[in-house]
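Biologist: Let's read this model together. I would like to take the ligand site, then a sheet.

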Amino acid sequence: MAGTIAIAGAGFSGAVIANQLANEGFMVHVFETRDHIGGNCYTQRDPDTRIMLHKYGPHIFHTDNKEVWDFVNRYAEFRPYTNRVKAVSGGQVYSLPINLHTINQFYGRCLDPQAARRLIEEESDQSITAPVTFEEQALRYIGEKLYKAFFYGYTKKQWGCEPSELPASILKRLPVRFDYNDNYFSHCYQGIPSNGYTPIFEALLDHSNISVYLGQALPDNHLKEYYHTFYSGPLDAYFDYRFGELGYRSLRFEEHSYEGNYQGCAVMNYCDADIPYTRITEHKYFAPWESHGDTVVYREYSFTCGRMDIPFYPVRLVGDKLLLEKYVGLGKDVEGVTFVGRLGTYRYLDMDKTIEEALFVADQFLGCVRGGARMKTFPVSPRS
Ligand SMILES: Cc1cc2nc3c(=O)[nH]c(=O)nc-3n(C[C@H](O)[C@H](O)[C@H](O)COP(=O)(O)OP(=O)(O)OC[C@H]3O[C@@H](n4cnc5c(N)ncnc54)[C@H](O)[C@@H]3O)c2cc1C
């Protein structure tokens with residue numbers, strides 16, 4: 001099948017590459033093991049309430065990249081959406097990320113930004129000069145009380161290990177704010193598509209050059225049958241787990257329906273270790289432009305991912321990184337395949353970064369075809 005491209009996965013990585021290459025005249029076959037397109041961004045209306053459900057967890061689009069923002073807006077109408085996360089800790093409700101309101105509520109004070117900053121400096125452990133672990137990072141920047149209240153139990157449930165076993169980099173993503181800004185994200189473009197994410201994938205794949213095969217894994221003979229393959233499935237699975245499994249956390253969503261409202265907001269984190277779920281999402285609040293009398297919530301449980309589970313979050317502990325190096329080494333010898341996306345490169349990627357990288361990879365490929373050069377196996381480094 002010379003000239004035809006195979007793509008494993010119909011999430012943003014696969015769908016964007018398929019779209020870009022089809023636009024340049026390539027025939028593209030997209031294989032997707034699930035029975036739907038969209039990958040983890042898949043949304044579907046609940047048949048009873050008609051509420052739009054984020055089937056694999058809440059997805060809010062946020063980016064500073066105007067090119068990516070313009071790109072997604074070509075395929076869907078986005079509505080402004082601000083993610084305001086609440087958190088239950090010790091029987092009280094707070095706002096996250098930790099901001100001036102959280103600090104004042106937690107300490108029962110009425111501090112201005114300067115006084116709050118001084119308090120947190122006093123609380124923090126200044127003797128930790130170069131934090132290596134998540135726990136050290138938390139103790140260094142917010143101190144033991146806030147760490148125990150908001151991060152210790154939640155992190156233990158989310159990652160299935162002690163925060164002292166996790167790298168500091170995980171906490172760097174969560175700033176403390178000394179103002180009342182409770183927007184979870186700080187990007188200049190933030191929103192949710194008015195009719196969910198699935199129509200974006202339908203539009204991206206709606207091309208006469210693209211054929212989508214749902215419920216079908218990438219065929220084993222793809223190297224022989226296809227001009228080139230883009231693989232957005234798990235890197236270790238591509239090599240039949242030859243060196244063992246890369247560590248992932250998986251998620252289980254327990255669905256409940258109620259009359260009226262349940263918690264009054266989209267996302268409520270549960271920080272205490274003795275509550276088994278990490279958070280509850282109430283989906284109708286992701287679409288405040290819609291009106292629904294009843295409600296659907298997901299209780300989210302995190303667990304160690306086995307081969308038959310859906311990999312959600314790469315763990316990337318030291319052992320995983322060593323294993324990753326081995327798989328990257330193997331991949332470099334495979335000609336005709338490019339590994340992409342969050343699973344193909346074993347990194348946590350937000351949607352905007354996924355799209356940015358997919359556009360880059362498609363562009364690189366087209367450049368290689370035009371110049372007669374060999375396409376790289378890892379145009380985006382899994383080490384980044
Ligand atoms: C709980 C959760 C919440 C998130 N929330 C946000 C958010 O709010 N904002 C944000 O920007 N990002 C968010 N993300 C990240 C977002 O989901 C990813 O950026 C995006 O899904 C990455 O797309 P992808 O195509 O690389 O991977 P995926 O969406 O996982 O798609 C890969 C696809 O490949 C398929 N596949 C695997 N193996 C094969 C095979 N051998 N053959 C054929 N198909 C195969 C899989 O079934 C899957 O559908 C969240 C992620 C999680 C886990």
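Biologist: How far is the side chain of Glu 32 from an oxygen atom of the ligand?

Modeller: A polar contact is a pair of N or O atoms within 3.5 Å; within protein, one must be able to donate a hydrogen and the other to accept it, and residues adjacent in sequence count only if both atoms are side-chain atoms. Here, an N or O atom in the Glu 32 side chain lies 2.6 Å from a ligand oxygen. The backbone contributes too: an N or O atom of Phe 12 is 3.1 Å from an oxygen of the ligand. For Phe 31, a backbone N or O atom sits 3.4 Å from a ligand nitrogen.

Biologist: What should I know about the source?

Modeller: The model is predicted: local features need pLDDT of at least 70, side-chain atom pairs count only at pLDDT 80 or more, and totals for chains, interfaces and linings use all residues. Residues are numbered from 1 along each chain as its sequence is written, and side-chain values use heavy atoms, without hydrogens and water.

Biologist: Which strand does β12 join through ten bridges?

Modeller: Strands of a sheet pair through backbone hydrogen bonds, either parallel or antiparallel. Strands are DSSP runs (E, at least two residues; helices are H or I, at least four), numbered from the N terminus. Two strands pair if DSSP finds at least two bridges between them. Here, β12 (248-258) and β15 (295-304) run antiparallel, joined by ten bridges. Glu 254 has Arg 299 of β15 as its bridge partner.

Biologist: What is the strand order of the open sheet?

Modeller: Its seven strands run β8-β7-β13-β14-β15-β12-β16, with mixed pairing. β8 (92-96) and β16 (313-314) are the edge strands, each pairing on one side only.
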